[in-house]
Amino acid sequence: MSVPEAVARLAEVERAAEDSAPRPLGRELPPAEPYPVEALGPVLAPVAEAVQDVVRCPAAIAGQSVLGVAALAAQAHVDVQLPSGATRPASLYLVTLANSGERKTTADDLATEPAHRRESELADTYGAERLAHRNAAEAWEKSRAAALKVAKTLDARRAALDALGAEPEPPPPPILLAPDPTMEGLVRLFMEGQPSLGLFSGEGAQFLAGWGMAKEQRLRTVATLSALWDGGTVRRVRAGDGAVRLAGRRLSAHLLVQPEVADVTLLGDPLLASQGILSRLLVAAPDPAAGSRLWVEPSPESREALARWRGSMGELLARPLPLGEDRSAGLLPLPLPLAPDARALWIAFADHVERQLGAEGDYAPVRAFAAKAPEHAARVAAVLSWVADPGISRVSTISGETLALAISLVEHYIAEALRLQAAGAVSESVRLARSLHAWLQSHGLDRVSLVSIYQRGPAAIRDAATARGVVGTLEEHGWLRRLPEGLREDGVLRRDAWEVVTS
């Protein structure tokens with residue numbers, strides 16, 4: 001075969017592959033606006049650019065990952081004080097939508113390396129601290145028993161115990177990042193561990209498809225997440241460990257999720273929308289970079305920037321936490337107010353947003369999220385301010401320049417919310433098909449039977465007739481191919497079975 005014939009044959013094969021490729025379940029997303037990396041400020045922008053240069057991922061993946069780590073470090077030390085006088089945490093909940101192959105995990109690993117290193121440092125001393133605590137606790141118990149034995153009256157015993165003091169507290173577990181927690185586990189970790197944590201996962205589908213987000217647990221999980229974002233007190237009453245009241249805890253999050261999974265398990269869930277958690281998320285959905293990432297040698301400057309990031313962010317994460325004498329009371333972050341120019345800019349932005357929330361306003365389709373945009377901007381500005389000047393004091397303020405950067409970022413998130421909302425309106429049949437497709441992806445299935453779908457699949461598809469209709473939609477769009485020979489499951493041959501198409 002000649003070279004021209006080979007090229008023509010290859011083109012035929014590629015056209016055939018394109019013709020047989022699965023079709024999207026719903027409307028195609030219009031192109032995303034470029035992620036405003038420069039709005040991350042003089043400290044974070046060079047790091048995000050370095051991550052993008054080394055990994056060759058979309059800019060939004062790098063930016064979101066770097067911003068998430070900065071929020072994890074800042075939230076323990078500062079709150080933001082709004083013009084109303086109310087204080088809010090500097091915590092951020094970030095979600096990045098990206099398909100497989102967009103190098104989201106690699107980028108996130110680079111950005112979060114300082115946090116993982118800090119966990120390793122804490123783990124290195126944890127064994128010795130546990131042993132010291134065990135010895136101190138045993139000595140305290142012996143001293144307590146001896147004091148009670150010697151004292152003869154109630155007053156004497158009380159005085160002896162008061163003199164002995166409180167029981168030694170155990171060292172907190174060396175965990176900063178919780179990639180796939182249940183809310184019970186997260187509350188327990190806040191009780192026993194660090195008061196500032198990150199819910200970070202390069203494979204966010206594991207969390208969204210996990211126990212904590214199952215139908216029976218979902219409302220409790222998102223209610224707890226909302227309370228932590230608000231900076232409120234988390235309360236729990238259980239028969240086993242009684243009543244728990246946790247104040248002064250901070251949580252930031254960054255989940256990188258495939259769009260189909262997020263659409264079904266998060267962004268398209270009416271329950272989550274009504275509860276309010278979606279308005280607390282800063283979502284970015286960059287255009288895919290796959291196919292355009294021709295090899296470019298990463299610059300020495302990028303590698304130097306990442307080395308500086310590991311050192312500087314590692315130092316920030318290792319800073320002593322602002323705790324009172326009673327560690328169980330949690331963090332005591334400094335309130336960071338807006339400087340006069342920032343205050344005027346924030347009010348102007350808040351008024352602009354408010355004017356767009358009416359029925360005819362540009363932001364009406366995403367009213368719940370847009371209504372929180374001014375607070376989001378203030379939180380982002382607090383993070384940018386603290387990483388630029390971690391020696392912040394009680395007289396420090398957020399500058400107008402920093403708030404302007406934060407507003408640029410939040411305007412991008414508003415544009416993303418509008419874009420995702422416009423593409424998200426689909427029929428019930430397509431919604432169920434998306435749900436099944438997300439379930440198949442999250443469980444890593446390459447073949448499936450009709451019986452497995454309605455017995456083990458999404459809760460909305462629990463009868464054979466519904467399952468058959470949903471399967472038909474996925475077949476029509478090319479995401480399932482019938483297996484003529486059937487599929488043997490648990491020793492039983494299932495005649496109605498399909499191969500799962502992954503791309």
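A residue is called buried when its relative accessible area is under 20%, exposed when it is over 50%, and partly exposed in between, using a 1.4 Å probe and protein chains only. This structure is a predicted model, in which local features need pLDDT of at least 70 and side-chain atom pairs count only at pLDDT 80 or more, while totals for chains, interfaces and linings use all residues. Residues are numbered from 1 along each chain as its sequence is written, and side-chain values use heavy atoms, with hydrogens and water left out.

We begin with charged side chains. A salt bridge is a side-chain nitrogen of Lys or Arg within 4 Å of a carboxyl oxygen of Asp or Glu. The structure has 16 salt bridges by this rule. One of them joins Arg456 and Asp490, with N and O 2.9 Å apart. Arg456 belongs to helix α17 (residues 450-456), whereas Asp490 sits in the loop between β12 (487-489) and β13 (492-494), so the pair ties together parts that are 34 residues apart in sequence. Helices (H or I, at least four residues) and strands (E, at least two) are DSSP runs, numbered from the N terminus. Asp490 is exposed, at 65% relative accessible area, and Arg456 is partly exposed, at 46%. In another part of the structure, salt bridges with shared partners link Arg88, Glu375 and Arg379 into one network.

The salt bridge between Glu416 and Arg419 has an N to O distance of 2.9 Å. These two residues are 3 residues apart in helix α15 (residues 400-424), so about one helical turn separates them. Glu416 is buried, with 2% relative accessible area, and Arg419 is buried as well, with 8%. In the salt bridge of Arg56 with Asp53, the closest N and O atoms are 3.7 Å apart. Here Arg56 is partly exposed at 26% relative accessibility, while Asp53 is buried at 16%.

Next come two strands. Strand β1 (residues 78-81) and β9 run parallel and are joined by 4 bridges; two strands pair if DSSP finds at least two bridges between them. Within this pairing, Val80 stands opposite Leu336 in β9. Leu336 and Leu334 form the covered face of β9 (residues 334-337), and Pro335 and Pro337 form the uncovered one.

His376 lies in helix α14 (residues 373-388). His376 is buried, with a relative accessible area of 1%. Its side chain reaches the backbone oxygen of Ser279 at 2.9 Å. Contact means heavy atoms within 4.5 Å. Apart from neighbours within four places in sequence, the contacts of His376 are Trp229, Ser279, Arg280, Leu281, Leu282, Phe369 and Val410.

On a 1 Å grid over the protein atoms alone, a cavity is a set of points where a 1.4 Å probe fits but cannot get out, and lining residues have an atom within 4 Å of a point. Grid points are joined across faces, edges and corners, and a volume is the space filled by probe spheres set on the points. The structure holds 1 cavity of 30 Å³ or more. The largest cavity contains about 160 Å³ of space. It is lined by 15 residues, of which Phe207, Leu225, Leu255, Leu266 and Leu281 are the closest to its centre. At least two lining residues come from each of β3 (93-97), α7 (205-208), α8 (218-230) and β7 (250-257). Strand β3 gives the most to this lining, with 3 residues.

Definitions and conventions: Polar contact = N/O pair within 3.5 Å; in protein donor to acceptor, adjacent residues only side chain to side chain. 1 Å grid on protein atoms, 1.4 Å probe; cavity = no way out; pocket = protein on both sides within 12 Å on 5 of 7 lines; lining within 4 Å.
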